[in-house]
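Colleague: Could you walk me through this model?

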Amino acid sequence: MAQTTTEAKPAVTRNQAVGWLRQMLLIRRFEEQSAKLYQQQKIWGFCHLYSGQEAVAVGSIGVLREDDYVFTAYRDHGHAIARGMDPKAGMAEMLGKAPGCSKGKGGSMHFFDAEKGFMGGHAIVGSHIPLAAGVAFATKYKGGDQVTLCYFGDGAMDQGALHEAFNIASLWKLPVIYIVENNLMSMGTHLHRHSWTTELTLRGGPAYGMPGTRVDGNDIEEMARVTREAIRRARAGEGPSFIEAMTYRFRGHSMSDPMKYRSKEEADKAKEGDPIVLYESLLRDRGWIDEATLQEMHEKVKAEVEEAIEFAETAPEPSLDTLYQDITVAPYIPQE
Amino acid sequence: MAVLQYREALRQAMVEEMERDDRVFLMGEEVAEYNGAYKVSQGMLDQFGPKRIIDTPISENGFAGIGIGAAMVGLRPIVEFMTFSFSYVAFDQLVNNAANMRYMSGGQFSVPIVFRGNCGIAGSLGATHSHRPEALYAHIPGLTVVMPSTPADAKGLLKAAIRSDDPVIFIEHENLLGDKGEVPDDKDFVVPIGKADVKRPGNDVTLITYSRMLKVTLAAAEKLAEDGIDAEVIDLRSIRPLDLDTLVASVTKTHRAVIIEEDWPYCGVGAGISDRIMQVAFDELDAPIRRVTAKDTPIPYTRVLEAATLPDVAKIVAQVRDVLYR
């Protein structure tokens, strides 16, 4: 694929671009309201927000087919919404309600949506990376041409599961695309303190016989372009790809993290690269969106998230008999 | 009925199920071109080809996870651990992903997979290669754990495990692989999961055991018979779910029980079974339940010390005499 700048030749149609902007806004609003609900103790446990990284998920999931698969780690709300999960189901999950996307049994870190090919939110760092290779293995076994996208943070680069899966994925030419969202932070440990090199493509791409492409993860159309090439390669049977998406996490690792480990200057500078601000500006410059449309979009997104919260707050709790449901397919016999 | 080795019965189960269902495949270290480190999969590569009999790198965490992912989208993998001692490298995959996937996805994804391989204090293999993992895995809601002790059970239980829609931890014993026994030829012969088997009926005491310890326990029962003690020997076959009904029926008859296991005592399978029996049948018991287990030590290399860790006929007889007060 020829190298083109997003300005010279947009990677998307106007409709798609406007849709992507709306999705990013929806994710941002969803996350900011989740933070409020967490502070109100309506969301419990661990809650990791995706604010600042939206372009990575939206730009890459945005170029998938409906029958493809998506895996991600515990910072999973954004990927789920980008894949088309109804925000109501996500919000109800976090409030622990029966119509939640995992029936209230998964929580923030374990969103699932089988119908959308959203294979989960996985909360042990690196643990889902072999699973994604397994889905890709099954695709190849069945003779299909679906691809599996698998996201994880830079912290997962240090897990053995990743390296075992990368080797096998490349050895068996599996149609899987690994995307590291390099937000420079492994929880509270800065990249230069947890990785021998700050260029993760050196550890995850050519080292395992697959292309490794570093991309500005805040540039949604660049994200889409690089992912498209990886998809082409996977569908053609040429094997896995590794994409290092440079991005930044606006919030702490989780809601309990005050982020004392990074400077205000670093955080302020990062906000200049806010993918939503950048894309709004780009679409304005192209004449694809005007102020009135943008204003309306913000309002509609706000209303959609309000509706999701209303839905979640009024939804029923799971009944106590569901405690023993969905443990096994065979009738479950508690060993009590 | 043909007479087969335990390993041949395992192979026959896999072959029959792979002929029956093309979603079933075998993956693991040395299963294909080497024909299996323990020759369980001998000849299967020739019959099914490299698409379905798959050699993996020595990456238990990686290939266990790949199996689970494949199962999430409808394949039915058999993942062989060369020995279950190596499954500890993949513990996260089995415990967090295989066992929890259905529950934490609200029933959207199931994991129809079999993890199989041998285990046990098999002979001077030392502390790292002599594990008995049953208590660890039986602890986990979502996993099924089975341990056959005879060639017929090996075949029938493995076929049931492959047909199960849930993750099954199928634990063979290294010292049983060469044992011979009659095995049904019927392609639909399955041993139901969750059903214990009375391997020797008796009236005076219930001996509860599984896997390789069945042989030692049966030998102990013969020794006891010489002294006029009529022991009933129950082979659990399924560790989880437990066939409590069969155990309680036996204890209700004999009023005494001894549990024999190759695993360590503390928090072991026998501890759990003893608790279950006492909860529902305490009044039937005329003596405390006794256990004969491996000694609570790492497993030593040298023969004399290794033998000292294991249950044997004398140790079983002593505990039986204790519960019979004679």
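Predicted model: local features only at pLDDT ≥ 70, side-chain atom pairs only at ≥ 80, totals over all residues.

Colleague: Which strands does β1(A) pair with in parallel?

Modeller: Strands pair if DSSP finds at least two bridges between them; strands are DSSP E runs of at least two residues and helices H or I runs of at least four, numbered from the N terminus. Three bridges join β1(A) to another parallel strand, residues 148-153, where F71(A) partners C150(A).

Colleague: Which helix gives the largest share of the side of chain B that touches chain A?

Modeller: Residues are in contact if their C-beta atoms, placed from the backbone, lie within 7 Å. By that rule, 38 residues of chain B are in contact with 33 of chain A. Helices α3, α4 and α5 of chain B each supply at least two residues of that side. The largest share, ten residues, comes from α3(B).

Colleague: At what angle do α9(B) and α10(B) pack?

Modeller: L244(B) and L247(B) are among the α9(B) residues making the contact, and I273(B) and I277(B) are among those of α10(B). Axes are lines fitted to C-alpha atoms over the stretch in contact, with angles from 0 to 180 degrees between N-to-C directions. The axes lie 10 Å apart, and the angle is about 65°.

Conventions
Residues numbered from 1 in each chain as written. Chains lettered and ligands numbered in written order. Contact = placed C-beta atoms within 7 Å.
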